[in-house]
Amino acid sequence: MRELALNILDICENSVKAGASLVRVSVAAADDLLTIEIADDGCGMDAEFLKRVTDPFTTTRTTRKVGMGIPLFKMAAEMAGGSFSVTSAKGVGTTVRATFVLSHIDRAPLGDLADTVVTLIGGECPSEFRFEVSVEGKGFVFDTRELKAELGGVPVSEPEVLVFVRDMIKENMIDIGGETL
Ligand SMILES: Nc1ncnc2c1ncn2[C@@H]1O[C@H](COP(=O)(O)OP(=O)(O)O)[C@@H](O)[C@H]1O
Ligand SMILES: [Mg+2]
């Protein structure tokens, strides 16, 4: 089964392509429900395009005619007894929200969230990211703006920095009991 961390990576890449300056990712598990939300302040979509965006044949990419990031995330949520929504406004931004019944037999595992974060921030893209993760109310925050302030000029994409970030997120996941999600 595909890991949800890879769906999160896909949706965040859409936000980066949309020119977002900030991408907020929230992963929250509580009471047998997993809620994943990705909200950006990118270019947004108009109402007509938004209606078609969960259809695999809706894409503005030119390299292939099928766009799968949103349809696959929607399918993963619906297979796991959850819900899915995309809200967007042109010039304002986009929010993608998916829920999953944690104990559902067809729920995909969260997988390696640290890998998703490191892939995103290692790409030297201009977007900032804020990840908020919580399990039954216990959580942590990782924010690239705070990291950059601490690094004082050292690029986030430096291999040592990426290793540090990966380890920190993995440790935080263990601390909050999220490593088995
Ligand atoms: N966060 C977003 N902001 C603006 N447009 C978006 C966003 N996410 C998706 N889109 C639009 O919806 C299309 C479909 O997205 P997706 O299903 O991920 O497929 P793909 O990225 O392969 O085109 C994208 O090509 C883009 O035009
Ligand atoms: Mg995409």
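Predicted model: local features only at pLDDT ≥ 70, side-chain atom pairs only at ≥ 80, totals over all residues.

Colleague: Why is α4 called roughly antiparallel to α6?

Modeller: Helix α4 (residues 113–122) and helix α6 (residues 159–176) pack at about 150 degrees, with 9 Å between their axes. Angles over 145 degrees count as roughly antiparallel, so α4 is roughly antiparallel to α6. Their crossing is right-handed.

Colleague: Which residues of α4 and α6 make the contact?

Modeller: On α4 they are Leu113, Ala114, Val117, Val118, Ile121 and Gly122, and on α6 they are Leu162, Val165, Arg166, Ile169, Lys170 and Met173. Sorted by class, that contact has 9 nonpolar, 1 polar and 2 charged residues.

Colleague: What makes Asp31 exposed?

Modeller: Asp31 has 6 other C-beta atoms within 10 Å, and 12 or fewer counts as exposed, so Asp31 is exposed. Asp31 sits in the loop between β1 (22–30) and β2 (33–40), and its phi is near 50 degrees, positive although the residue is not glycine.

Colleague: How do you know whether Asp32 is buried or exposed?

Modeller: The same way: the cut-off for exposed is 12 or fewer, and Asp32 has 11 other C-beta atoms within 10 Å, so Asp32 is exposed. Asp32 also lies in the loop between β1 and β2, with a positive phi of about 65 degrees. Most residues other than glycine have a negative phi.

Colleague: Which residues come nearest to ligand 1?

Modeller: Of the 20 residues around ligand 1, those are Asn14, Ala18, Thr59, Gly67 and Gly69. The shell has 7 nonpolar, 10 polar and 3 charged residues, and α1 (4–17) and α3 (69–79) each supply at least two of its residues.

Notes: Residues numbered from 1 in each chain as written. Chains lettered and ligands numbered in written order. Axes fitted to C-alpha atoms, helices over the stretch in contact; angles between N-to-C directions. Helix = DSSP H or I, 4+ residues; strand = E, 2+ residues; numbered from the N terminus. Parallel < 35°, antiparallel > 145°, perpendicular 65-115°, else oblique. Left-handed = near helix turned anticlockwise from the far one by under 90°. Contact = placed C-beta atoms within 7 Å. Nonpolar A, V, L, I, M, F, W, Y, C, P; charged D, E, K, R; others polar. Near = placed C-beta within 6 Å. Buried ≥ 20, exposed ≤ 12 C-beta atoms within 10 Å, placed from the backbone.
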